[in-house]
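Visitor: Could you walk me through how to read the sheet and the helix packing in a model like this one?
Guide: Gladly, let's have it on screen.
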Amino acid sequence: MKLSGAEIIINLLERQGIDTIAGIPGGSNLPLYNALYKSKVIKHILVRQEQAGGFLAQGMARSTGKTAVCFATSGPGAVNLITAIADARLDSIPIVAITGQVGHSLIGTDAFQEIDTYGMTVPITKCNFLVRSAAELLTVIPEAFRVAASGRPGPVLIDVPKDVQIQQVEFNTWPQPGKKDDAPAFDAGLVKKAAEMINEAKRPVIYAGGGAMYADMSQSIIKLAEKSNIPATLTLMGLGLMPHDHPLCLGMLGMHGARYTNNIVHESDLLIALGVRFDDRATGKLAEFAPNAKVIHIDIDKSEIGKLRKPQIGITGDLASILPSLIEMVSANKREEWNSLVQSEIKKYPWSSQNAKDGMHPLELIRKIADAANDDAIVTTDVGQHQMWVAQGYPLKHPRTLLSSGGLGTMGFGLPAALGAARANPKKQVICFTGDGSILMNIQEFATLDEHKLNVKIILFNNGHLGLVRQQQELFFDKNYMASVFKSNPNFTAIAEGFGIKAYNVSTIDELTATLPEVMSQEGPALVNICVDHAHNVLPMVPPGAANLQMIGG
């Protein structure tokens, strides 16, 4: 066979099972797009900004667990993509970003649209490549997919100079597609000790996060909790691992978790940490987080174990291999005294106590929307107050149904991630919760949404502010509302309609109730612009730097 570098890339992507790529063409990756034009397998989604292409790929990867791909050209294209790559790195999302680069002879000359993409992405990728010859692609492409999916998932970047895309190379056979490495060996003796520690504990709590989600450990965590009657708390990235209404599910912990959840964790004598990194938003002041608890920490990434909280037992390995063994060795235990205390805390601090009496409190709006949606709807969020309200109040029942930017907290994530989720899950409803600050970050993707008629319902909480910024200014900065109030806000429904998307304005709970059946039942996209009182704060809240017990409200 004799093919160009660009043709090799497209063929190898097809062999990896890729059927969708998001991106934007430019001078340095036009040979790649020319090869893509000939593909009968891969559908290309032309986004309107490269960052959105990265988030669209994330939406596919987060909702399916499969590695997704995005394209960008050199210079500004690659730089625009960097935020999405960094976001994927912090949340451990497997994507492969393939960027065009100026020809080898121009690298280092400050050529038109030249930037050191390789150097800029070293800190925010699991691995990256600057390809020197078309022959290298036969190794690099499968390796990129192997690295992205193996161990702790994450993004991989491949920077391909234009001359490499054009270069012809002869070869006899295709390489095998890159695949996830087999699960690493783990210390069975430590698993036995962990089981003994769980059996001896009086007040254990399961603390599960994104690592457990990516390992598809929902059913195993439920089995462990039910067998030994252990309550479970979830990080933002772990929401959906247990149904929200499961009697042992405590919901989210940390800065905006329930007061009862943080109290219960504080009283625990054992934390069973599964695929978590003891993030500050979950732990609050680390020195005062579960101060009397021993810790069992299980994670695929050895560097996370002991990084912030030293465990009594740290086990490096794949949860999918470890949890079945652990469950088998854990004893059945009613834990009546502990669970009685847990239920007492839940009754003492119910969520309903914090809701505004008017029906337009965001938590009430979210419940109304959830009631109108399918149980398995995929929910995406942007970043801000609406994100935390969704985490607090949306009744998630299934894993991989909440897609949210956790580690980087990127405004503009929600809409393109929803596009990716809808593309990868065409039979499911996709609901994007956003705010009037966040939606403006990638509002140009309304064009992409309409072009592909994806089944995305956008719920816009419009309060005329950067809500979470305003809230912190109110609570911690003497109400000095600097740069958090939008003195001019656009007509979002008119904008959506200008892009061809059906849009609705809602200002009362009755209007929302009347509008939702039409919105949810129609095919294709829609936007619901809901006027929300800017005075609503996300409560309870742990002040930055404070311990989780020092919550405001709730």
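This is a predicted model: local features need pLDDT of at least 70, side-chain atom pairs count only at pLDDT 80 or more; totals for chains, interfaces and linings use all residues.

Visitor: In what order do the strands of the open sheet lie, and how are they paired?
Guide: Across the sheet, the six strands follow the order E3-E2-E4-E5-E7-E6, with parallel pairing. At the edges are strand E3 (43-46) and strand E6 (127-130), each of which pairs on one side only. On average, and ignoring direction, neighbouring strands of this sheet are turned by 20 degrees against each other.

Visitor: How many bridges join strand E2 to strand E4?
Guide: Three bridges link strand E2 (residues 20-23) with strand E4 (residues 68-72), and these two strands run parallel. For a place to look, find glycine 23, which stands opposite phenylalanine 71 in E4.

Visitor: Which strands does helix H3 touch?
Guide: Helix H3 (residues 50-64) packs on the sheet and touches E2, E3, E4 and strand E5 (95-101). The direction of H3 makes about 175 degrees with that of E4.

Visitor: Now the helix pairs. What describes two packed helices?
Guide: The angle between their axes and the distance between the axes describe them. Take helix H10 (residues 218-228) and helix H13 (residues 319-329): they pack at an angle of about 15 degrees, and their axes are 10 Å apart. Angles under 35 degrees count as roughly parallel, so H10 and H13 are roughly parallel to each other. The crossing in which H10 passes H13 is left-handed.

Visitor: Which residues of H10 and H13 meet?
Guide: From H10 come Ser220, Ile221, Lys223, Leu224 and Lys227, which meet Leu323, Leu326, Ile327 and Glu328 in H13. Sorted by class, this contact of H10 with H13 has five nonpolar, one polar and three charged residues.

Visitor: At what angle do helix H15 and helix H16 pack?
Guide: Helix H15 (residues 362-372) packs with helix H16 (residues 385-393) at an angle of about 60 degrees, and their axes are 9 Å apart. That angle makes H15 oblique to H16.

Visitor: Is the crossing of H15 and H16 left-handed or right-handed?
Guide: H15 passes H16 in a right-handed crossing. On the H15 side, Pro362, Leu363, Ile366 and Arg367 meet Trp389, Val390, Gln392 and Gly393 of H16. By class, the residues in the contact of H15 with H16 are five nonpolar, two polar and one charged.

Conventions:
Residues are numbered from 1 along each chain as its sequence is written. Side-chain values use heavy atoms; hydrogens and water are left out. Two strands pair if DSSP finds at least two bridges between them. Helices (H or I, at least four residues) and strands (E, at least two) are DSSP runs, numbered from the N terminus. Axes are lines fitted to C-alpha atoms, for helices over the stretch in contact, and angles run from 0 to 180 degrees between N-to-C directions. Contact means heavy atoms within 4.5 Å. Angles under 35 degrees count as roughly parallel, over 145 as roughly antiparallel, 65 to 115 as roughly perpendicular and the rest as oblique. A crossing is left-handed if the near helix is turned anticlockwise from the far one by less than a right angle, and right-handed if clockwise. Ala, Val, Leu, Ile, Met, Phe, Trp, Tyr, Cys and Pro count as nonpolar, Asp, Glu, Lys and Arg as charged, and the others, Gly among them, as polar.
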